[in-house]
Amino acid sequence: MSQHRTLVPAVASKLAAEPVQTASIDRILRAVREHLGTEIAFVSRYVENNEKELTHVDSDLDLPMGPGFRDPRENSYCWHIAEGRLPELIQDPADHPFTATMAITDFLPVGCHLNTPLRLSDGTLYGSFCCLSRNPDRTMTERDVGVLRAFAALAVEQIESNLDHDYRFQRIDKRITKLIGDRAMQIHQQPIHSIKTGKPVGVECLARFPDAMMRGPDKWFEEAAEIGRGLELELLAVECALDSLKHVPSGFYVSVNASPETIISGALHQVLERAGKKNLVVEVTEHQQVDDYPALKKALKPISKYARIAIDDVGSGYAGLRHLVDLAPDMLKLDMALTRDIHQDLARCALVGAMVRFAEAIGSKLIAEGVEHAEEAEVLKKLGVEYGQGFYYAKPMPVADAVKYLKKG
C-alpha cells in the first residue's frame, strides 16, 4: 500500500495544472481515496445550528449517509480534530480513549481515519476533508496526511470558486427582487415611422433600469436569465409597457419584446389577456436558438388574438428563414446590420430588395431598424421598405416625451 501511495504527488500536480472547474471536488475525492487506499472520502461543511453537513462523498460502499446528511458537529471526528482534541491521523481509534465516547466509532465503524480541516483563504474554517476505512491501518503515516492536505488545497480552490459563484448569484437575485418589488423599471419609447411619409406610426417599448448610466438593459436580462429569473423580468417589462398604453394616442401601435421562452411559457398570453384587445405588436426576440418551433408556433396562436406578431432582428443571429417560414409573422424587423450604410453597399441593397418581395409574398410589413442617415432612408424608400426606426427619425425617449412627439407628428 505504501508503494502505491508514492504516486499521489504526481497525480496532485496533474490536477492542480487543470482548470479549477474541471478538477471537481468529486474527482479530487476519488483520486485521493484510490491512491491512499481508503474506502471512503468526503468533504463536509459546518452550517447553522452547530451542525456538520456532508457535501461530497466518494465510496464504493453502500453507506448509511450521503451528500446532504447533517448531524451535530460534536458527533464527528472532524470537529474534534479541528478543535485539537484528536490528531489528523488516527491509525486505530483504540489508540485514543476519546473516540470510545463517540457513537460514530462503532456505528460506521471507523477504523483508520485521516482528516484535515478546510480553511478558506481568509482563514475561515469551512469544514473538513477526510479519508477513512472501516479497519485500522498501521501503514498510514504523516506523509499520507501531507498528501491529504495537498488534495484538500485543491478542494478549497474549487470551494472558493463555488462560493464566489453563489455570492454573485445572491447579489443578482437580491437586485432583481428589489427591482421587481419596487417596480423600478422605466419604459422609454422609440417612434417607428412610415418611410414614405416620414410620419410616426407607432412606438417600440424599451426597458430602462436604475443604473442605466453604468449598465445596459441587456446585462439585466442576461443576469436574470442566468439565475433562472429571466421570465419574471421580461414579464415586468411587458407589464410596464402595457401600463404606458393609456398615454399613447389612438391610431399608433405599441410594440413590446418577448423571448421565445417567455412566449412558450404561456405567461405572456395571460398578461395580454388581462390587458384586453389593444393596438399591440409582440416582437419575438431571439438571442438563443429555438429548439421547438412547433411549440413556439402553438404558443403564438392565442397571442395573435391580442397582438400582431413581429420577428425582430431578421438577418442577424438566429432570426433566420426558419422563423419566417414557420411563424408567418405580420411584421419583419430588419436588423440594423442590413440597413447600416445600405446606400453604399450593393449587396445589402440586393438582400433588402429580396426581403421586400418576400414580405409582400407572405403578407408581412417590413421595418428597417437602425436608420441613422437620410441617405439610408432614401434607399430603403426606393427599395419599398414601408417603415423605419432609428436615430435618423427619433431616439428612445421617456413616455411623456414620446406622447408629445406622436401628437406633433
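A search of the whole structure finds 29 salt bridges, a salt bridge being a side-chain nitrogen of Lys or Arg within 4 Å of a carboxyl oxygen of Asp or Glu. The structure is a predicted model, in which local features need pLDDT of at least 70 and side-chain atom pairs count only at pLDDT 80 or more, while totals for chains, interfaces and linings use all residues. Residues are numbered from 1 along each chain as its sequence is written, and side-chain values use heavy atoms, with hydrogens and water left out.

One of these salt bridges joins E34 to R30, with 3.8 Å between the closest N and O atoms. Both residues belong to helix α3 (residues 25-36), and because they are 4 residues apart, about one helical turn separates them. Helices (H or I, at least four residues) and strands (E, at least two) are DSSP runs, numbered from the N terminus. E34 is partly exposed, with a relative accessible area of 43%, and R30 is likewise partly exposed, at 32%. In these terms, buried means under 20% relative accessible area, exposed means over 50%, and partly exposed lies in between (1.4 Å probe, protein chains only).

A second example is the salt bridge between R33 and D60, whose closest N and O atoms are 3.4 Å apart. This pair links distant parts of the chain: R33 is in helix α3, whereas D60 is in the loop between β2 (51-59) and β3 (70-72), 27 residues apart. R33 is buried, at 5% relative accessible area, while D60 is exposed, at 64%.

The side chains of E239 and R183 also meet in a salt bridge, at 3.4 Å from N to O. E239 lies in helix α8 (residues 230-243) and R183 in the loop between α6 (142-182) and β7 (186-194), so the pair ties together parts 56 residues apart in sequence. E239 is partly exposed, with a relative accessible area of 25%, and R183 is partly exposed at 39%. Elsewhere, salt bridges that share partners join R30, R33, E34, D58 and D60 into one network.

Attention may now turn to helix α11. In this helix (residues 293-303), the buried residues are Y293, L296, A299, L300 and I303. They lie on the same side of α11 because they cover an arc of only 125 degrees around the axis, the arc being that of the directions from the helix axis to the C-beta atoms. On the other side of α11, P294, K298 and K301 are exposed. The N-terminal end of α11 is capped by D292, which has a side-chain oxygen 3.1 Å from the backbone nitrogen of A295.

How values were computed: Polar contact = N/O pair within 3.5 Å; in protein donor to acceptor, adjacent residues only side chain to side chain.
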